[in-house]
Amino acid sequence: VWKDCMRDVDTDVSSITKSFVNHVQTSLARQPYNLDNLGAYQAAALSVRDNLLVNWNETALQYTRKAPKRAYYLSLEFLMGRTLDNALLNLGLKDQYAEGVKKLGFTMEDVLDQERDAALGNGGLGRLAACYLDSSASQELPVWGYGLRYKYGIFQQLISPAGEQLEAPDPWLDNQNPWELPRLDVSYEVRFYGHAERMNDGTPRAMWTGGQEVLAVAYDVMIPGCYTKTTNNLRLWESKPKRGFDLNSFNAGNYEAAVEASNSAAAITSVLYPNDHTSFGKELRLKQQYFWTAASLADILRRFKNIGKSITEFPDYVAIQLNDTHPTLAIPELMRILIDEEDLDWATAWKIVTNTFFYTNHTVLPEALEKWPVPLLEHLLPRHLQIIYDINLLFLQSVEKKYPGDRDRLARMSLIEEGFPKQVRMAYLACIGSRKVNGVAELHSELVKTTILKDFVEFEGVSKFGNVTNGITPRRWLDQCNPELSALISRTLKVDKAVWLKELTLLEKLLPLTEDAAFRTEWAGIKQRNKERLAHHVQTTLGLTINTNAMFDVQIKRLHEYKRQTLNILGVIHRYLTLKNMSAEEKKKVNPRVVFFAGKAAPAYYIAKLTIRLIVNVARIINADPDTKDLLSLYFLPDYSVSLAEVLIPASDISQHISTAGTEASGTSNMKFCLNGGLLLGTVDGANIEIAEEVGESNVFFFGHLTPAVEDLRYQHTYHPVPIEEKCPALANVLNQVSGGLFGDAHVYEPLLNTIRQGDYYLLSDDFDSYIAALAMVDEAYLDQTEWVKKSIRTTAKMGKFSSDRAINEYAESYWNIEAQRVV
Ligand code: 26Q
């Protein structure tokens with residue numbers, strides 16, 4: 001009977017419409033006659049979810065039966081964006097749903113547009129996690145993600161009339177989330193505070209008691225692979241009070257005390273911290289980190305125990321990837337479990353731990369390296385602090401043995417940084433507690449080895465340190481965001497996208513078509529229509545009219561000094577001033593340019609916010625200037641998101657990735673632009689370098705000083721400063737125009753301008769002239785449209801390396817030692 005009643009994935013239009021209507025009637029309890037687009041989206045999503053669940057269950061069953069080694073991706077951020085379109089693509093049901101929805105009186109476009117982004121991340125690191133989940137499932141790898149179910153994702157960005165960034169909460173769960181499955185039966189208790197008492201019975205054990213206990217409850221998000229049954233899981237934890245509220249206080253009339261515990265437990269997963277690249281010792285952030293790692297490890301251990309193997313075999317069945325240092329507490333937490341609960345000796349426990357974890361570093365910026373104050377750790381996690389001290393003691397003893405008497409080295413390598421207060425260096429803990437350490441692009445991985453972890457490379461040997469260059473999923477970042485280009489590729493290569501989307505190096509077969517004029521025309525036509533689609537989007541959302549006969553020049557990323565949006569806006573001002581001085585005759589030779597910016601600034605990042613303000617106010621002046629507005633316009637698009645990126649990226653002719661050399665670990669949007677045939681203007685940094693290696697240096701626009709020069713230039717700035725007027729007159733002129741009030745509010749921008757005039761840590765004055773020269777080369781190249789389109793085709797054709805399928809397979813083979821599992 002069971003077998004007869006089990007449902008399969010719907011594949012025909014009539015079962016799809018039936019399931020849709022069924023969800024309207026029952027799950028939504030609504031009538032067909034007043035069903036709006038939102039209702040249609042919800043019904044479509046629920047019916048797609050039914051299909052996903054069929055595959056998800058079979059995948060889980062297969063993993064349980066075969067018990068293969070699994071990998072777990074621990075990330076505090078998963079920047080998923082929208083799900084419906086991706087689920088339909090991966091299930092191979094896009095056409096059927098489009099037809100079904102149409103029969104019921106809706107258009108797929110309107111329906112898709114109702115979905116809110118799941119924005120549980122800040123930027124690159126969180127989006128990378130989302131791409132890796134897509135690739136793991138698509139490659140049929142047994143990989144689960146673990147994260148937090150924030151009630152509020154990254155804030156919504158508003159721009160005030162003065163051009164200031166304002167933040168509003170992102171209540172993404174308000175309309176219900178059809179893509180998650182609450183698992184109220186899967187929960188774990190997590191302890192905070194209390195006391196840790198060593199047993200002193202000859203074992204390393206201790207007892208941790210008292211304090212506060214909160215409950216972690218699981219919510220599962222289905223992760224479908226592309227054209228496979230494999231549907232993996234992303235498990236997100238929500239915090240709940242262990243008991244609803246304190247009935248004693250309630251009965252005594254103290255209502256506030258009664259709900260206090262409840263509030264403080266719920267607060268743990270209430271909001272995503274909107275900071276990236278800064279470390280600051282906030283207790284709630286540390287609570288989030290422990291809550292999540294403790295629940296995830298408890299869940300992983302329970303699953304491992306079900307296989308019935310000895311605990312010493314744990315690393316043969318489990319690999320855990322640490323996405324930056326945010327989950328590093330998993331290392332002392334696993335030690336605590338193995339020692340205090342499993343009763344293992346220290347050496348056995350440490351061996352298990354160091355064979356289980358893998359650590360990926362995402363930044364070498366010193367201000368981004370996580371450190372936690374010892375007093376805070378001692379208060380919140382007393383047992384973990386003991387364990388960290390024990391790890392440190394044994395580690396330093398082994399260092400001392402290798403380098404007797406080298407006290408400087410011991411101080412440098414200690415997990416504890418001396419100071420007031422003392423702080424725990426999480427990157428060092430992650431490094432010594434892991435089997436392998438990697439960076440996210442060739443240059444970055446070299447910098448990890450030669451700067452922040454230099455001593456550790458010397459001590460542990462270089463073979464522990466590797467590189468996995470980041471990647472992006474071609475499903476979302478080509479097929480979904482650029483359907484016309486995807487169709488052209490399939491048609492031309494005569495290969496179904498089911499094949500090339502999973503074997504992206506096949507794009508190389510496009511190379512000969514650079515010489516095919518008809519193909520180039522089609523290629524250019526698609527770019528043009530994508531520009532019009534973006535213009536339409538801006539028109540309907542912001543009411544602004546954009547010149548689609550211009551070159552589209554795009555910089556979209558988090559606002560940060562090291563990413564140098566300031567260099568870009570100063571370059572725009574330079575262009576504006578140049579145009580103002582041109583004769584009508586000279587102007588005729590100028591190709592029009594539209595410059596787009598988008599990105600959020602951390603709410604407390606004053607200089608980044610000033611940069612936004614400057615961009616918005618420069619736009620206001622430039623776009624209204626009749627002398628120049630046909631040749632140059634500028635837009636800051638508010639509230640950058642995954643969904644906005646999906647419209648912007650396919651429309652770009654040129655995109656900017658202009659970080660100071662050696663500061664951008666990889667960058668991943670550079671890959672997205674190039675995959676969509678946009679050319680790259682950038683510094684010799686991060687993955688830009690490897691992109692240029694693939695597509696050829698003649699197809700990218702490089703400028704600026706190289707990494708080895710940076711240290712020396714900074715030294716010059718500090719000890720032999722040269723006034724900007726002397727060093728870079730063009731830049732000095734631009735700065736003076738801003739100071740002089742050309743864009744209003746003269747005094748407002750001084751703190752921003754002073755970062756360049758004094759110190760100039762990110763070397764804008766060193767790179768400005770070569771930046772302007774590179775922009776001129778872009779202009780020049782764009783005039784020859786035939787050659788430009790050839791560059792564009794070549795760029796797309798050579799992007800195969802940057803598929804996240806390649807990246808995830810490198811993790812699977814070289815690090816995790818896991819194998820694909822076919823679900824039949
Ligand atoms: C740390 C401590 C406290 C609060 C917040 C943080 C925090 C949060 C997020 C620190 C860093 C981040 C995010 C970093 C990030 O996105 N890094 C980017 O990772 C990408 C994927 O590897 C790279 O492509 C980018 O170059 C890198 O900047």
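A crossing is left-handed if the near helix is turned anticlockwise from the far one by less than a right angle, and right-handed if clockwise. Helices (H or I, at least four residues) and strands (E, at least two) are DSSP runs, numbered from the N terminus. The model is predicted: local features need pLDDT of at least 70, side-chain atom pairs count only at pLDDT 80 or more, and totals for chains, interfaces and linings use all residues. Residue numbers start from 1 along each chain as its sequence is written.

α24 passes α26 in a left-handed crossing. Residues 565-580 form α24 and residues 606-623 form α26; the two pack at about 20°, with axes 10 Å apart. Axes are lines fitted to C-alpha atoms, for helices over the stretch in contact, and angles run from 0 to 180 degrees between N-to-C directions. On the α24 side the contact (C-beta atoms, placed from the backbone, within 7 Å) involves Q565, T566, I569, V572, I573 and Y576, and on the α26 side T611, L614, I615, V618 and I622.

An open sheet of 6 strands has the order β21-β20-β19-β22-β23-β24, with parallel pairing; two strands pair if DSSP finds at least two bridges between them. Its edge strands are β21 (632-636) and β24 (700-703). The twist averages 20° from one strand to the next. β22 (654-657) and β23 (679-683) pair over 4 bridges, and H657 stands opposite G682 in β23.

Both helices pack on this sheet:

| Helix | Strands touched | Angle to β21 |
|---|---|---|
| α26 | β20, β21 | about 145° |

Note on methods: Contact = placed C-beta atoms within 7 Å.
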